Amino acid sequence: MAEIEKIAGVPPSGPRGRGRRAKSVAEAPELNFEGGSSEELTEKIVYINRSAKVVKGGRRFNFSALVVVGDKKGRVGIALGKAGEVADAIRRGGELARNQMVSVSLRDATIPHEVFSEFGGAKILLRPASPGTGIIAGKTVRAVLESAGVKDVLSKSLGSKNAANVVKATLKALLSLRTRENIYKGRDLEIRKVEVLKAPESAPATA
C-alpha cells in the first residue's frame, strides 16, 4: 500500500509532515552553472514530491523533483528526477533535463505568434507582448518561459493546475511556434523584400 504525500521543503526523517504542500517554483532556488561548451544554464526546481510506501518495518520514502533547465537563448529542457534523497532527485532531474534540451523559435524577446496547447488536463494560452511588458504568467509557466529566454509574453492557464502537466503543456506550446523564416524555408521559398516607394518631391512654388 502506497501513500502519496506532498512537502514544502526537505521533509523530516519520520512520519511527521503529512499533508504539507509541494514546494513551488517561487520558493525553489535558482541554480546557475556552466556546461562543458562554456554556456551558462539556469536550473529551476518547479516541484518536489514525496511518496511513502508502507512496509513491514515502517515507511519507505522516495522523492521526485521536476526540474527545468535553459540557457535563456532559445533552448530549454524539462525532466523528472527520482531518488531516495531530495538532493539526488534534484541532481538526476537536472542531468536528464540538460540531456533533453530542445530549441524553440522566438522573435526578439517575445514569441512569434499566439499559441494554444493542451497536455492532459492542462491548457495553456500564450500571446506575444510589446517590449517592456514582462512575463505575465503563473509560477510554473514562468519557470519554463524564463529558462527559454522569453521576456515579454502574456499567458493564461485555463485547465488543471498540476505542475507536471502545466510544464509539459507550456513546452509543447513553445515547440509549436514557427517563425516566418522557418515556414518559408520548409516550403522552399525565399522572403522577398518589398521596396517602399518614396513620394515625389513637389516643385518649389514660384512667386
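User: How many salt bridges turn up in a search of the whole structure?

Analyst: The search finds 6 salt bridges. Keep in mind that this is a predicted model, so every distance here is computed from predicted coordinates.

User: What makes glutamate 43 and arginine 98 a salt bridge?

Analyst: Their side chains meet at 3.4 Å, N to O. The cut-off is a Lys or Arg side-chain nitrogen within 4 Å of a carboxyl oxygen of Asp or Glu, so the pair qualifies. As background, side chains of opposite charge can pair when their charged atoms come close.

User: Which parts of the chain does that pair link?

Analyst: Distant ones: glutamate 43 is in strand S3 (residues 40-55) and arginine 98 is in helix H1 (residues 86-99), 55 residues apart.

User: Why is glutamate 43 called buried, and why does arginine 98 get a label of partly exposed?

Analyst: Buried means under 20% relative accessible area. Glutamate 43 has 6%, so it counts as buried. Arginine 98 has 30%, which falls between the 20% and 50% limits, so partly exposed is the label.

User: What about glutamate 95 and arginine 91: how do you know that they form a salt bridge?

Analyst: Again by distance: 3.5 Å from N to O, and the limit is 4 Å, so they pass. They are 4 residues apart in helix H1, which means about one helical turn separates them. In general, an α-helix has 3.6 residues a turn, so residues three or four places apart point the same way.

User: What makes arginine 127 and glutamate 114 a salt bridge, and where do they sit?

Analyst: Their closest N and O atoms are 3.2 Å apart, and with a limit of 4 Å that counts as a salt bridge. Arginine 127 belongs to strand S8 (residues 122-128), while glutamate 114 lies in the loop between strand S6 (102-103) and strand S7 (115-119), 13 residues away in the chain. Both land in the partly exposed class, with arginine 127 at 41% and glutamate 114 at 46%.

User: Which residues are linked in a network of salt bridges?

Analyst: Lys44, Arg142 and Glu146.

User: Why say that S7 and S8 pair?

Analyst: Two strands pair if there are at least two bridges between them; S7 and S8 have 5, in the antiparallel sense, so they pair.

User: Which strand does S8 pair with besides, and over how many bridges?

Analyst: S8 also pairs with strand S10 (residues 153-157), antiparallel over 5 bridges. Leucine 125 stands opposite lysine 156 there.

User: What makes S7 and S9 edge strands?

Analyst: The order of the open sheet is S7-S8-S10-S9, with mixed pairing. S7 and strand S9 (135-136) each pair on one side only, and they are its edge strands. Helix H3 packs on this sheet, touching S7 and S8, and its direction makes about 140 degrees with that of S7.

User: How do H2 and H3 pack, and is the crossing left-handed or right-handed?

Analyst: Helix H2 (residues 139-148) and helix H3 (residues 163-175) pack at about 35 degrees, axes 9 Å apart. The crossing is right-handed. From H2 the contact residues include Val141, Val144 and Leu145, and from H3 they include Val166, Val167 and Leu171. By class, that contact has 9 nonpolar, 2 polar and no charged residues.

User: What makes H2 mostly covered?

Analyst: The count: 7 of its 10 residues are buried. Val141, Val144 and Leu145 are among them. Just after H2, glycine 149 takes a positive phi of about 105 degrees.

Conventions:
Residues numbered from 1 in each chain as written. Predicted model: local features only at pLDDT ≥ 70, side-chain atom pairs only at ≥ 80, totals over all residues. Heavy atoms only, no water. Axes fitted to C-alpha atoms, helices over the stretch in contact; angles between N-to-C directions. Left-handed = near helix turned anticlockwise from the far one by under 90°. Contact = heavy atoms within 4.5 Å. Nonpolar A, V, L, I, M, F, W, Y, C, P; charged D, E, K, R; others polar. Buried < 20%, exposed > 50% of the residue type's maximum accessible area, 1.4 Å probe, protein only.
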